[in-house]
There are 2 protein chains.
Amino acid sequence: MIGTLKGDRVALGKESIDELYNTLYYGRLKENELELALVEAAYLLDRDKISVEHEGKKLSFRDFFIIASQAQEYFELKYIVYRDLRERGYYVQPSVTDFRIYPRGGKPNVSPSKYFMHVVTERKPMPMQQLVSNLQAAVNVRKEMILAIVDEESDITYYGVKFNNLKGGMGELKVPSVPGAATFLEDRVVIWDTELSKFLHNNGFHGNMLDDKRLQLSLVESAYLLSTGRLEVLDSATGKPLEIGDFIEKASRIEELFEGKLKVYTDLRNRGLVVKTGFKFGSNFRVYEKVESAEKIPHSKFLVDSVGAGHVFQLQDMSRSIRLANSVRKEMVFAFEKNGEIQYFSLGRIKL
Amino acid sequence: MIGTLKGDRVALGKESIDELYNTLYYGRLKENELELALVEAAYLLDRDKISVEHEGKKLSFRDFFIIASQAQEYFELKYIVYRDLRERGYYVQPSVTDFRIYPRGGKPNVSPSKYFMHVVTERKPMPMQQLVSNLQAAVNVRKEMILAIVDEESDITYYGVKFNNLKGGMGELKVPSVPGAATFLEDRVVIWDTELSKFLHNNGFHGNMLDDKRLQLSLVESAYLLSTGRLEVLDSATGKPLEIGDFIEKASRIEELFEGKLKVYTDLRNRGLVVKTGFKFGSNFRVYEKVESAEKIPHSKFLVDSVGAGHVFQLQDMSRSIRLANSVRKEMVFAFEKNGEIQYFSLGRIKL
């Protein structure tokens, strides 16, 4: 079968429709022709299923590949991914989201597609807003979103992306009132009262014991307890209780993105989760669904990073976060604020 | 025993010398007195070994702690680490590098110290130059360097830092000459010649097979082969061979820090190592000591990140790199250029 290269399409005559379209599910019908996307044509050309003519000459695979990569942005990437999917036995249709993929056993024109796949190079930074709006678009039509990231050596990693409605099992925290219990030191807070220290550590796994008598709280933990009226924190210089506004101002001088972090921390605690620093995992928080007592710490299920509305992901960093989370059997979750609410989405490696 | 707070020191009378200094190795002798650093005094005060007076009044632990944290920058951090080390049975002397630590069985004034330890908060970014000059200072007097990073919840992670003289087992690569073998496409290079493709993939594990006939090379791989005269790469638009200067210019437009990466890649290859992308691990390169053939890929031992001379580490990111490297049994190595040479240092978690 002979196709003709027309811009970013290859057109074949109607004699190709039965085999390529009806049986093998390549291309789309356009009047009396079969139209192939460049990746489909390259794939069939490599397999000697078709040949392609351009300006009256038959193109070698090499020539076709070079022309195609000039005609379509990221053609090589798309080809690498298309080829991989076809070889794994998936039916794939090129679409605005790069590819629509049919579930195993499913076929174009017969059953609905299951995934919307976006193909990206590791080199191109990805705005968080774009990722979220792509995800929303997939969710709106009940598809799952997959991100196929092609690295500089053309290895592909597939990531499933989904919204995440986190929920925990902790009840309300009734903290005994101890006036002047804590002091804001250089970049952390110390609770001097032993009973309160032990209570907060054992209920909700707050802070870290400085020794057997005193508790150290992080800035977000302190701000959360202070803002909900559960703790009084004294200024170390004046010895006077700090208002929440002053506390946030002091904390923001120490930690640039403090307010964003505090919003996410607060939302997670309000959802009944237990939130601790994720520093050892290189993320903002590690999150437990429930902690019965500080003596019996379960596995933390999530790593959560708070990202600003204008955040742009460097894919190498994103890859590292997800890989690390998965290597310690946790789910990597990103949190962002939208219309005053905190929303969450997860990214995880998937095997197709 | 009663000490007196004097600025950032606590002074005790000579009656304390026998027990605290000669037996337990606290403090330093100053004329007829014993002088304690604030962390030493806080530690002894918490254990009721001493009491401390200030302006004629005995100080509670709480009052002493608050005053000390105002008198010395990062006093709380230093205290948390000092306490941890003492409780692990180490003798510790405060010093310009924060702490000198004696090996197990070793004692101040008797045997030399083994480690120079720097204590830092996770929140404070660390210039690479500072890290390297601290490491050099330790190496100059034959000490090992340890970085103690205290996270926002006062958990400590200890990292050993050392220079690394990487060496691999690969011999010289004699590549068959194939004029016009490769084309620079959008952001990668494709080798069309099947024999050359297979040769490069099997010898030195270059690139990734696009299919069973053609090889894709990354930009650094191509630039290295091009610069050493082992490969000819054609421009996809003009069809003419690219000079190495033009290649680097094109590649630098695609990848911001390309030249730095290429220098490190070249140095590693020249050291007989096999260098591949580290994208899946969130780093620039994964490095093998030797690869016999592409069919038998061994474990890669190192992850290497190229960092600029002015690089400033965010400790959360650094922690993530190291944690991920260690979780896949690799060593995290950072490479930088100094006086035209590439130098390497490793960071790894250590258990004290």
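**Entry 1: strand β17, chain A**

I started at one residue pair: Phe184(A) stands opposite Asp235(A) in β17(A). The model I am reading is a predicted one. I then looked up the strands behind this pair. Strand β13 of chain A covers residues 182–184 and pairs with β17(A) in the parallel sense, over three bridges.

Next I asked which sheet holds these strands. I found an open sheet of five strands in chain A, ordered β15-β16-β14-β13-β17, with mixed pairing. At its edges I noted β15 (208–209) and β17 (233–235) of chain A, each of which pairs on one side only.

I also checked what lies across these strands. Helix α8 of chain A, residues 244–254, lies across β13, β14 (189–191) and β17 of chain A. I recorded an angle of about 50° between helix α8 and β13(A).

**Entry 2: the sheet in chain B**

I turned to chain B and read off an open sheet of five strands, in the order β15-β16-β14-β13-β17, again with mixed pairing. In chain B, β15 (208–209) and β17 (233–235) stand at the edges with a single partner strand each, so one side of each is left without a neighbour in the sheet.

Here I followed β13 towards β14. Strand β13 (residues 182–184) of chain B and strand β14 (residues 189–191) of chain B are joined by three bridges and run antiparallel. Which residue is the bridge partner of Phe184(B) in β14(B)? I found Val189(B).

I moved to strand β1 of chain A, residues 2–6, which runs antiparallel to strand β2 of chain A, residues 9–12, with four bridges between them. Lys6(A) has Arg9(A) in β2(A) as its bridge partner. I noted that β1(A) and β2(A) make a hairpin with two residues between them. In the turn, Gly7(A) has a positive phi of about 65°.

β2(A) has a further pairing, with strand β4 (residues 33–37) of chain A: antiparallel, over four bridges. Within it I located Leu12(A) opposite Leu34(A) in β4(A).

**Entry 3: the contact of chains A and B**

I then looked up the interface. Chain A brings 76 residues to the contact and chain B brings 75 residues. The buried area between the two chains is about 6,500 Å², and carbon and sulfur atoms give 46% of that.

For polar pairing I found 49 residue pairs in polar contact across the interface of chain A and chain B, with both residues at pLDDT 80 or more. On the side of chain A that touches chain B, helix α10 (residues 315–327) of chain A gives the most, with nine residues. By class, I listed that side of chain A as 27 nonpolar, 20 polar and 29 charged residues.

**Entry 4: salt bridges**

Side chains of opposite charge can pair when their charged atoms come close. I asked how many salt bridges the rule finds across the interface of chain A and chain B. The count is 14, while over all chains it comes to 62.

I looked at two pairs by name. Lys280(B) forms a salt bridge with Asp155(A), and the closest N and O atoms are 3.3 Å apart. Lys261(A) forms one with Glu152(B), where the closest N and O atoms are 3.1 Å apart. I traced this second pair to its elements: Lys261(A) lies in helix α9 (residues 258–270) of chain A, and Glu152(B) in the loop between β11 (144–150) and β12 (156–163) of chain B, so the pair joins two chains.

How values were computed. Residues are numbered from 1 along each chain as its sequence is written. Chains are lettered from A and ligands numbered from 1 in the order in which they are written. This is a predicted model: local features need pLDDT of at least 70, side-chain atom pairs count only at pLDDT 80 or more; totals for chains, interfaces and linings use all residues. Side-chain values use heavy atoms; hydrogens and water are left out. Two strands pair if DSSP finds at least two bridges between them. Contact means heavy atoms within 4.5 Å. Axes are lines fitted to C-alpha atoms, for helices over the stretch in contact, and angles run from 0 to 180 degrees between N-to-C directions. Buried area is the accessible area (1.4 Å probe) that two parts lose on being put together, summed over both. A salt bridge is a side-chain nitrogen of Lys or Arg within 4 Å of a carboxyl oxygen of Asp or Glu. A polar contact is a pair of N or O atoms within 3.5 Å; within protein, one must be able to donate a hydrogen and the other to accept it, and residues adjacent in sequence count only if both atoms are side-chain atoms. Ala, Val, Leu, Ile, Met, Phe, Trp, Tyr, Cys and Pro count as nonpolar, Asp, Glu, Lys and Arg as charged, and the others, Gly among them, as polar.
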